[in-house]
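The structure goes in here before my notes.

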Amino acid sequence: MRGEPSCPRCAGRVRAPGLFSDTWQCDRHGAVHPMQPVLPPSVEALGVAVARSQVPVWLPWPLPVGWLYTGIAHVGDDVSGARATAVACSGPAPLGGFGELVLVAEELGVGLGARYAGLSGPDPGDSVGLYKPADAKLLAAGRPTPMFHVPDAPADRAVFVGEARGLWLWAVAWPEQSALVMYDELVLTDLREAGAELDLLPCGALSPRLLG
């Protein structure tokens, strides 16, 4: 799947560095890291993206029963490497029907997680607080990781955000009820450390959530 880089915050067109700017530029958001075309789900394409990433590539591992890996997106160029990653997986929702989950790791200010969360700003704002209890907890690379519910997200999804390895970690679930997977001892692996286990990853059809 080929295409042009876009803005990670609004999906708009971006201009490459040139004579008047040494950064990628979005008419709406100014200087941004470019979002590359979404890669369809395959072990080979995932391996290439993982090898180039400067940030974690989070995936529940093992996947919940019946769930499949359904695509990856990343933000960055050949110079910077990936500064944000979004990994999608899909499968049976806890209360029946079909569920989807997108996990985003990103540096401060990139804005990819907020885009999938349906938020206007680049970061979660007041949703994360040092003095309030976590709404959910998961294991990220073996470390207990508090996750905070984002109340201002659209009603069709549930959004949680936390911090892992010094970067934002977003979990966006569709439909909202699919967020129950967040309370089921979810264990995330950074696929940069997975090695040969990647060859065992079951792949499904490309998730349209990554294109939104």
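I looked up C89 and found that this residue is buried, with a relative accessible area of 1%, where buried means under 20% relative accessible area, exposed means over 50%, and partly exposed lies in between, for a 1.4 Å probe and protein chains only. I keep in mind that this is a predicted model, in which local features need pLDDT of at least 70 and side-chain atom pairs count only at pLDDT 80 or more, while totals for chains, interfaces and linings use all residues. Residues are numbered from 1 along each chain as its sequence is written, and side-chain values use heavy atoms, with hydrogens and water left out.

I then searched the whole structure for disulfides, counted as a pair of cysteine sulfur atoms within 2.5 Å, and the search gave zero. C89 is in no disulfide, and its nearest cysteine sulfur, that of C203, is 12 Å away. For C7 the closest cysteine sulfur belongs to C10 at 3.7 Å, which is too far for a bond. C7 is also buried, with a relative accessible area of 0%.

Next I turned to A88, which I found in strand β6, residues 81–92; strands here are DSSP runs of E with at least two residues, numbered from the N terminus. A88 is buried at a relative accessible area of 1%. Leaving out residues up to four places away in sequence, I listed the contacts of A88 (heavy atoms within 4.5 Å), and among them are L68, Y69, L101, V102 and L210.

I also followed an open sheet of three strands, which has the order β1-β2-β3 and antiparallel pairing, two strands being paired if DSSP finds at least two bridges between them. The strands β1 (14–15) and β3 (30–32) stand at the edges with a single partner strand each, so one side of each is left without a neighbour in the sheet. Strand β2, residues 24–26, is joined to β3 by three bridges, and C26 stands opposite G30 in β3.

Last, I checked L180, which lies in the loop between β11 (167–174) and β12 (187–190) and counts as partly exposed at 38% relative accessibility.

Definitions and conventions:
Helices (H or I, at least four residues) and strands (E, at least two) are DSSP runs, numbered from the N terminus.
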